[in-house]
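Open the model in your viewer and keep the selection tool ready. The tour goes stop by stop.

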Amino acid sequence: MELLRNMNLFSKITIVIAILIVPTLLMYVKSNQVATQVIRDELIQSNLSRLTFFLRQMDLINEQLWGTAYILLDDPDALKLMDEGINDFTYDAIRAKEVLQKKVSLQSNAMTWINHLGIYSPVTGAAVSNNPRAQYSMEYFEANLYNDWVYKPLQLGIKEENYFIRHMTKPFTLEKKPKEMNLIVEVAISESNIKKMLKTFGSGKPSAPFFYHPLYQPIYYDRFAQDQETIIEFMHGMELGTEGSSVVRIKEQSYLLCYARSETFGWYLVEFTPLDKVMEPVQNSSDRFYAATALLLLIGVAAAALLYRNVQMPIMQIIHAVKKMRNGNYLHRITKKTNREFSFLYEQFNQMTEEIHNLIEHVYQEQIRVKEATVKQLQSQINPHFLYNNFAFIQSMAMMDNKEAIIAFTQHLSRYYRSTIKYSDTLAPIREEIELVRNYLEILKMQMNGLTYVLRIPPEAEEIKIPRLSLQPLVENAIVHGIENRLGSGRIEVNAVWHEAYLDISVEDDGIGMNESAIKKLNASLRVNSDGYEWSGTWNVHQRLVRRFGEKSGLHISRSELGGLKVAIRIFNTQGEMNNGQI
């Protein structure tokens, strides 16, 4: 409930529209799924019924043709093929073959299918066929004697063609021993009969049916349907029953695959229907409904957007401006144009913020002037401090006529003072401060034997701006109070390290250092008046940091791992200025 209360007007209206439209959409989707499933089930049932009826007609013609084999085996003229003189060139033998030839041709021509009928007697080797090209012998039947329909090529005409072949013997037996038979009748059905029936069956339909058996090439008429080859490969992996159906997805196209088994041939009549075409009217109706729903949703969102633009956004502009003013930004003005009512509110708000700004501007400017004057004064105390320490070195080098040392020394000294007299801007990039420190340390290296230093500043921190002359006084104190008070070499390290909420720029030395009590006292003294305080340079830096960045920023003094002191400039990101190159 609290979440709903915190929502803006646009979100609330959008939720109301969704509550009205989503249930209707879900109900339609559910009903559409049910309707689609019913249509698919009816389509499957219709296709299977058609396949079964077609196969029943095919099997009926097959049984009629197969019945001629029974008739021929019991025909008296066929029995004469077993007589010993049937192969003689006598009138009776020739007449008997001629009569049987006519009967075989008559039985063959009585069928609507193209067929081949032949009778052979293993006893005498005599044969009669309705095709004069047919050649029968004992070797032929020893290799080709089939009790069931077999699909294989035969050359009974000009060219070789595929036939369904089956044999009936007298006496009837399932053993393939032609020498023990009296008569053998061969019935062959051309595959062209199947193709013609498939063409009739598939006429006017979006797909081409085909006759399928896992062990043979499928039979289909001349029109080869799209994706038929892929579907045939798919069927090789199916477990086929007497009849069935399946939905196949091929190349982003869905097909309804239905099949039924022929009882006589043992082959399957297969039909596949593109579901997308069949379901196209239903899909078009669904698309129109979804388009209408989308249009209603769009209109609702547009209405909500108009309310949001003309009511909610002006209110949010006023709220945003009030927050800006509460955070101290009295220069913020509402400039966006809106309707007449909110334009009046905008104008009155701008007038109010203008008056408030004018009232506090002079007080704020006075405070800034005081702080800037104080910073300039503190900085001026730092500039001449180092000059007097270098005259003796220049004089001694001149007396020794060491021109190279004087040239190098004065170059570093000139670069150093060029940086220290830049009063036009109280801030400087860390890169410039590091260059100032490098020149300062190079000057000291020429005066002090054994002095070494390391400056480690990550590239992403080089352009961050800090108060000018912040690092040099810390390095100077490390030299004067740490390294010069003991014998031997000295080392200075300057490091910049990013932390989550602040940046640390530390100056470390390997000097004499301090105990914990002295360090604690030194940290406390940074926050009091500096009159008579020997670490006045450090105090100046701390005060400038506090004045510039707030009470949490400043200097932090601790023991260094080098053995001396570690003085860190710690600046907190209180105003989000790190991303702009200025902390």
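Predicted model: local features only at pLDDT ≥ 70, side-chain atom pairs only at ≥ 80, totals over all residues.

Start with Trp 498: its bridge partner in β14 is Leu 503.

**The strands around β14**

Select residues 490-498 and 502-509. These are β13 and β14. They run antiparallel and are joined by 7 bridges. Together they form a hairpin, with 3 residues between the strands.

Colour the two faces separately. Tyr 502, Asp 504, Ser 506 and Glu 508 lie on one side. Leu 503, Ile 505, Val 507 and Asp 509 lie on the other. Both faces are covered.

**A second hairpin**

Move to residues 243-250 and 253-261, strands β7 and β8. They pair in the antiparallel sense over 8 bridges. Val 248 has Tyr 255 in β8 as its bridge partner. There are 2 residues between these strands. Click Lys 251 in this hairpin: its phi is positive, near 50°.

**The nonpolar cores**

Which residues have the most contacts inside the largest nonpolar core? Select Met 58, Ile 119, Phe 164, Ile 194, Phe 211 and Phe 265. The core has 49 residues. Elements giving two or more residues to it include α2 (9-73), α4 (91-109), β4 (161-170), α6 (191-202) and β8. The largest share, 13 residues, comes from α2.

Centre on Ile 194. Setting aside neighbours within four places in sequence, Ile 194 is in contact with Met 58, Trp 113, Phe 164, Phe 211, Ile 219 and Phe 265.

A second, separate core has 47 residues. Select Met 397, Tyr 416, Ile 443 and Ile 519, which are among them.

**The annotated spans**

Span 289-308 is 100% helix and 0% strand. Its end C-alpha atoms lie 28 Å apart.

**Zoom out**

Show the whole chain. It has 16 helices and 16 strands. Of its 583 residues, 43% are buried. Take contacts between residues at least 6 apart in sequence: 63% join residues at least 24 apart.

Note on methods
Residues numbered from 1 in each chain as written. Heavy atoms only, no water. Helix = DSSP H or I, 4+ residues; strand = E, 2+ residues; numbered from the N terminus. Pairing = 2+ DSSP bridges. Core = buried A, V, L, I, M, F, W, Y, C linked by side-chain atoms within 4.5 Å. Buried < 20%, exposed > 50% of the residue type's maximum accessible area, 1.4 Å probe, protein only. Contact = heavy atoms within 4.5 Å.
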